[in-house]
Amino acid sequence: MVNKDVPAKPLIIWLGTNTCAGDMLSLLNAKDPGYQELISSIAELRFDYLLGASEGSDAINVLDDLQKNHKAAYILVVEGSIPTRSNGLYSVIGYRNGKAWTALQAVRELGAEARYVVAAGTCAAFGGIYAAAPNPSKCVSLQAVLDRKVINVPGCPINPEWMMGTLNHLIQYGEPALDDYSRPKLFYGETIHNLCQRRDYFDNSIFAAKPGEPWCMYKIGCKGPVTYADCPVRQWNGEHLSWPVKANTPCIGCASPEFSDGNVPFFEHLPDVKLPGIKVTANRVGLWTGVVTALGIGAHLMGSILTGRLAETLKKDLPGGSKLKIRPRLKKGHK
């Protein structure tokens, strides 16, 4: 006999707070598995703020039912940062019992009863654009208002496979291995710089002077040396066609905790390190400027040092390290 109270598939709530909706729109571009397979075979998307057909009290009743009758049985995905000013009234999910139900209240109540809580996009994970100065609504990350673990899947927007892979891992195997910022190492375990197709140009000091040139964009503001994500190898657009650097624009570090205030100006060179009496090669420039940027970041560096991640990154960049190979000398004009 089938118990009607037990859902046949894992339940997902996709809640939108202060967001542009870009992360859900990006998820729709997932291909293998795709969005259709997700909602028909893998899980039941019981509530979706953007694509759901219900509205008003019907939609709020769905959330009430999940919170009361399906405790620890659903995954709460939150897209967007959480405004805290004026008790959260800058983002209202709907009306419950005649009163505004703010995003702040909703994520706290639904998050307390969820099996897993996932932050979709940089705004939910770290505050992002909505928390940028002067931050009039006092937006914060999801983790800042919850007293439990939040799995962060940052990006502006997320790569659809980062979210699809995280959800599938939670459903099939449980929590994936996470880094210091609670990001799945599967997708955020290496710097963009180390995975970049243009790394050879960097190693050979061949730099672009302006966006559009096919060389290394380090000197025109690329944040790849300090951004952890697998964009260069995974790429975007469902068919794995392209990503910003391949499209001739620098990485702006949208998946990093510092985005966006800590990464501006986007098209300005990362600060160099001047070491008296020491000759700094092109390879070392990248190595040490990454350190200086990390020093400016502070918390990022400390977390990296404590876990040995930064040391591992530096080791890979050193001659004889696991990543650096002797490559043929390139010249401008060689693509």
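Let me start with L51, which sits in the loop between β2 (44-48) and α3 (56-69), where helices are DSSP runs of H or I with at least four residues and strands are runs of E with at least two, numbered from the N terminus. This is a predicted model, in which local features need pLDDT of at least 70 and side-chain atom pairs count only at pLDDT 80 or more, while totals for chains, interfaces and linings use all residues. Residues are numbered from 1 along each chain as its sequence is written, and side-chain values use heavy atoms, with hydrogens and water left out.

With a relative accessibility of 40%, L51 counts as partly exposed, the class between buried (under 20% relative accessible area) and exposed (over 50%), with a 1.4 Å probe and protein chains only.

Several of its residues are buried, among them P160, W162, M163 and L170. At the start of α6, a side-chain oxygen of N159 comes to within 2.9 Å of the backbone nitrogen of E161, and after the helix comes G174, with a positive phi near 95°.

Finally, strands β5 (residues 92-96) and β6 (residues 99-102) run antiparallel and are joined by four bridges, where pairing requires that DSSP finds at least two bridges. V92 has T102 in β6 as its bridge partner, and in this hairpin, with two residues between the strands, N97 takes a positive phi near 55°.

Terms used: A polar contact is a pair of N or O atoms within 3.5 Å; within protein, one must be able to donate a hydrogen and the other to accept it, and residues adjacent in sequence count only if both atoms are side-chain atoms.
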